[in-house]
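The sequence and the structure come first.

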Amino acid sequence: DARQVTRDEKVALPAEVTTAGRGRSRWMCLAVAVGLVALLLASVARLYHPLYGFTEMIGFASPGTGELPVLQSIPHYRHPPWGSYDGQFYAQLALEPLLRDPAIDAALDLPPYRARRILFSWSAWALGLGRPAWILQAYALQNVLFWLVLAVVMTRWLRPDTPHGLALWTACLFSHGLMHSVRSALLDGPSMLLMALAIAASERGRLFSSAAIVGVAGLGRETNLLATLGLPWPEGRRPWLKLALALALAALPLILWQDYLRAIYRSTSAVGHDQLDLPVIVYWRVLRQTFSQTIEGGTLLSAAKLGVIVSLTVQTAYLIYRREWMSPWWRVAVPFALLMLTVHKVVWDGYPGAVTRVTLPLVF
């Protein structure tokens, strides 16, 4: 009997060791994930200025010509003209969320186009309780808040408690496109959160909830409406009617806001500056140019841009190969892969350019 117990203990020992090892690995992975979140928050904290707060993240340009009068009365950080970015326009829309002040047109580079993307200007106004100085800080920091929520939401699909899950979770949450959105207070990160919530609702079969979330997201960026392809297929009687109603629900918020803008600008705001081109043509030109620059002794920046192009190409090829028709994530990613192949050269300009933000759902 004693010999039998000893043999049983020897058999059980490896399983116990394995369980303990898995437990330690799980906690180590979670600790790394928490450490990465802390690192991001510490990086954001370093951008704080005693006088300007976090407005360095917004990208206001000096000398500040064309700014709203209310903005000129608030201390805020101004970048040199080459360092300014699009966040400055949406931050000013947050100060005038219904566009009643005619001065807003002089503050925007493309008033109808910028005004169409109003959602996250509204959210900044609400978070700032309507007080201009608070609104600016809220606009600068809301991307960080949305990023934290997205980090939690993504654990539904990518649990960072294994090395594999941690790697995938980190690759999504710390991708260049999302980090650029956080650093420059842009619209892409918050948009990604809403699309993830819409996909979560779709996976639970909640057709109209998913459509409503996509409809709200459409007020942030018109391309967010591509997420309607991730809606669940309705069941029961007359599924086509249900789907049509869901699509109408998704389109309704943007249609109503467009009608409001038409009353202001007396013209449609459905078009902006050219962002699309002939399929594949611009993509191929940028690929050849970047490859040549890298091979002919290019800088690290050109090599990084080439890496981005190759990465997006591989992701697109993977989607075509897998063809997971039943996956809402797959159905949402496909149109953004096609968008990558049709965007205008301006989206590719820079190192690595805005393309990593525009195609962010493809990465996820």
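Which helix gives the most to the lining of the largest cavity? Helix α10 does, with 4 residues. The model is predicted, with local features needing pLDDT of at least 70 and side-chain atom pairs pLDDT 80 or more, while totals for chains, interfaces and linings use all residues. Residues are numbered from 1 along each chain as its sequence is written, and side-chain values use heavy atoms, without hydrogens and water.

A search of the whole structure finds 1 cavity of 30 Å³ or more (a set of points on a 1 Å grid over the protein atoms alone where a 1.4 Å probe fits but cannot get out; lining residues have an atom within 4 Å of a point). The largest cavity holds about 60 Å³ of space, a volume being the space filled by probe spheres set on the points. Its lining includes Asp 188, Arg 221, Phe 336 and Pro 361.

By class, the lining has 6 nonpolar, 3 polar and 3 charged residues.

Helix α10 also packs against α7 (residues 132-153), their axes (lines fitted to C-alpha atoms) coming within 9 Å and crossing at roughly 30 degrees. The two are therefore roughly parallel (angles under 35 degrees). Met 192 of α10 is among the residues that meet α7, and Met 192 also lines the largest cavity.

Definitions and conventions. On a 1 Å grid over the protein atoms alone, a cavity is a set of points where a 1.4 Å probe fits but cannot get out, and a pocket is an open set with protein on both sides within 12 Å along at least five of seven lines; lining residues have an atom within 4 Å of a point. Ala, Val, Leu, Ile, Met, Phe, Trp, Tyr, Cys and Pro count as nonpolar, Asp, Glu, Lys and Arg as charged, and the others, Gly among them, as polar. Axes are lines fitted to C-alpha atoms, for helices over the stretch in contact, and angles run from 0 to 180 degrees between N-to-C directions. Angles under 35 degrees count as roughly parallel, over 145 as roughly antiparallel, 65 to 115 as roughly perpendicular and the rest as oblique. Contact means heavy atoms within 4.5 Å.
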